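Student: I am new to this structure and would like a close look at a single part. Please pick the part, go through its neighbours in order, and say plainly what touches what.

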Amino acid sequence: MRAESSAIAPTRIAVSTPELHGPGRASGTLMAALGVTAFSLTFPATAWGLEGFGPWSLVAVRSVLAALIAGSCLLALRIRPPKRRHWAGLAVVAAGVVLGFPMLTTLALQTSTTAHAAVVVGLLPLTTALFSALRMGTRPSRTFWFAALAGAAVVVVFTVRQSGGALSTADLYLFAALLVCAAGYTEGGRLARIMPGWQVIGWALVLCLPLALPAAALALSYEPVRLTAHSVAGVLWVAAGSQFLGLVVWYRGMAAIGIPKASQLQLAQPLLTLVWSVLLLGEHLTVAALLTAAAVLVCIAVTQRARG
């Protein structure tokens, strides 16, 4: 699953565009980083969830749980529904972030390791910046693009070499997930400049509930379920952490510092995922991973300093 090409200073939000919601640049960067941390746990948590749920059941159940959490928050705070003109954008967020990315990556993780699946999030920052440029006419600097391309290339080379570099059905799922998620991130970042970020993902989740409920009932009737500590923890995390809380802080961060710069923080996500894979799944962290992490951090530093 993460808005303009340059960040808007807090004073300008308060004086020039009072209708925009979002924190200042420093807190916006922190929120986007917290979102990346939450997202980095998604693949290991999904692997845990697949120990007890089928792929369709896992995605449908996580969507239902996340929608119930979001709907409860919206109802408790008596938030009015968005204006009619915003629902098309929310549908894009729902299709890309709530349904498309989780489904495609879950299908990929049936046959792919978490390290291999990390290639999608390695490419996601660049793809999100491209979608942002096409959707909203942002024009990041040449330095920004050079650092973004370099960081994406480093992550792709690392993950592809780790997995042998052979394209498979899982790769097709991952590349499709990359496209739909970038579209959802871009539209969500745009909407987060109009309404609070948590409401963006909240309404997108609620929008999916009429589809998720029957899908969950159907999937659970066909796919066997084996409840274990791992499977329960996995589905709870991807529902509450990745699907709701992570996207709340992520969209607020994007609204504050812009889609292209926020998306570059995701360059660290594959490396964080590898760390969680070592701790939670018992995979091995190599020297190449540490070197890649250092290179990615350099690229992030450059993109954060580059002017749009």
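Tutor: Two residues are in contact when they have heavy atoms within 4.5 Å of each other. The model is predicted. The part to look at is helix α10, which covers residues 229-257.

Begin with α9, which covers residues 197-222. On the α9 side, the residues that meet α10 are Gly197, Trp198, Val200, Ile201, Gly202 and Leu205. Their partners in α10 are Gln243, Phe244, Leu247, Val248, Tyr251 and Arg252. Sorted by class, this contact of α9 with α10 has eight nonpolar residues, three polar ones and one charged.

Now the geometry. Two packed helices are described by the angle between their axes and the distance between those axes. For α9 and α10, the angle is about 140 degrees and the axes are 7 Å apart. Angles over 145 degrees would count as roughly antiparallel, so α9 and α10 are instead oblique to each other. The crossing of α9 past α10 is right-handed.

Next comes α3, residues 42-49, whose axis comes within 7 Å of the axis of α10. Those two axes cross at roughly 140 degrees, and α3 and α10 are therefore oblique to each other. Here the crossing is left-handed. From α3, the residues involved are Thr42, Ala45, Thr46, Trp48 and Gly49. In α10 they meet His230, Ser231, Ala233, Gly234, Trp237, Val238 and Ser242. The contact of α3 with α10 is made of five nonpolar and seven polar residues, with no charged residue.

Setting aside its neighbours within four places in sequence, Val249 is in contact with Met31, Ala32, Leu34 and Gly35. For Val249 and Ala33, the separation is 216 residues in sequence and 8.6 Å in space, C-alpha to C-alpha.

The partner helix α9 leads on to α4. The axes of α4 and α9 come within 6 Å and cross at roughly 140 degrees, which makes α4 oblique to α9. α4 passes α9 in a left-handed crossing. This contact of α4 with α9 has 20 nonpolar residues, five polar ones and none that are charged.

The elements that give two or more residues to its lining are α4 (55-76), α5 (87-108) and α9. Of these, α9 gives the most, with five residues. The lining consists of Trp56, Val59, Ala60, Ser63, Leu99, Met103, Leu211, Ala212, Ala215, Leu218 and Ala219. By class, 10 of the lining residues are nonpolar, one is polar and none is charged.

To put it together, α10 meets α3 through residues that include His230 and Ser242, and it meets α9 through residues that include Gln243 and Arg252.

Methods
Residues numbered from 1 in each chain as written. Predicted model: local features only at pLDDT ≥ 70, side-chain atom pairs only at ≥ 80, totals over all residues. Heavy atoms only, no water. 1 Å grid on protein atoms, 1.4 Å probe; cavity = no way out; pocket = protein on both sides within 12 Å on 5 of 7 lines; lining within 4 Å. Helix = DSSP H or I, 4+ residues; strand = E, 2+ residues; numbered from the N terminus. Nonpolar A, V, L, I, M, F, W, Y, C, P; charged D, E, K, R; others polar. Axes fitted to C-alpha atoms, helices over the stretch in contact; angles between N-to-C directions. Parallel < 35°, antiparallel > 145°, perpendicular 65-115°, else oblique. Left-handed = near helix turned anticlockwise from the far one by under 90°.
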